[in-house]
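Reader: I'm new to this one and would like a close look at a single part. Could you walk me through it slowly?

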Amino acid sequence: MKRFLMIFLPVLLVMMLGSSVDAQAKTKKSPRTVYYIVCGSFTSLEDAIEFCDEMSEVVFYEAFVAKANGKTVYRVCCDCYYNLADAKKDLNGIYSGFAGDDKWIWPSKGLAKCVYRPASPRDGRPIPVFKPSAKAMTD
């Protein structure tokens with residue numbers, strides 16, 4: 001019996017560990033969709049930064065890099081959400097009064113890479129990167 005355990009116990013442990021790793025790999029979560037309100041899209045980072053800086057007196061815009069039709073674009077965004085309905089509500093609510101009517105919602109697989117943040121008027125340091133809102137600001 002002792003010999004039996006010495007031979008089969010390691011095999012049994014390897015089998016158990018292997019199935020545990022497979023279960024973890026199968027249950028790994030995909031990134032949560034984040035819905036950005038896009039206020040402008042540019043082919044150059046310089047143009048995106050210029051737009052952000054022009055608008056910083058009204059609301060702080062940040063620039064994010066993305067791929068569209070195989071090309072790199074820079075999307076200037078004013079907010080982001082975890083819920084599409086909340087993004088639509090604020091797009092048609094509080095953000096509808098700002099200049100320009102070309103705002104749209106960009107669904108991103110996970111958080112997008114921020115490539116530009118304007119300086120805070122308080123201390124001159126870049127403002128924090130947007131964190132997705134859990135609910136709309138518009139009632």
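Author: Let's start with a word we'll need: a residue is called buried when its relative accessible area is under 20%, exposed when that area is over 50%, and partly exposed in between. Keep in mind that this is a predicted model.

Our way in is Ser120, which sits in the segment after strand 5 (113–116). Ser120 has a relative accessible area of 16%, so Ser120 counts as buried, the cut-off being under 20%. A polar atom of the Ser120 side chain lies 3.2 Å from the backbone nitrogen of Arg122. Leaving out residues up to four places away in sequence, Ser120 touches Arg125 and Ile127.

Now follow Arg125. Its side chain meets that of Asp123 in a salt bridge, at 3.5 Å from N to O. As a general point, side chains of opposite charge can pair when their charged atoms come close. The count of salt bridges here comes to one. Arg125 is exposed, at 58% relative accessibility, while Asp123 is partly exposed, at 43%.

Step back to strand 5 and you'll find its partner: strand 2 pairs with strand 5 in the antiparallel sense, over three bridges. Within that pairing, Ala63 stands opposite Tyr116 of strand 5.

Strand 2 (residues 62–68) also runs antiparallel to strand 3 (residues 71–81), with seven bridges joining them. Ala66, for instance, has Val73 in strand 3 as its bridge partner. Strands 2 and 3 make a hairpin with two residues between them. In that turn, Asn69 has a positive phi of about 55 degrees.

Terms used. Residues numbered from 1 in each chain as written. Predicted model: local features only at pLDDT ≥ 70, side-chain atom pairs only at ≥ 80, totals over all residues. Heavy atoms only, no water. Salt bridge = Lys/Arg side-chain N within 4 Å of Asp/Glu carboxyl O. Buried < 20%, exposed > 50% of the residue type's maximum accessible area, 1.4 Å probe, protein only. Helix = DSSP H or I, 4+ residues; strand = E, 2+ residues; numbered from the N terminus. Polar contact = N/O pair within 3.5 Å; in protein donor to acceptor, adjacent residues only side chain to side chain. Contact = heavy atoms within 4.5 Å. Pairing = 2+ DSSP bridges.
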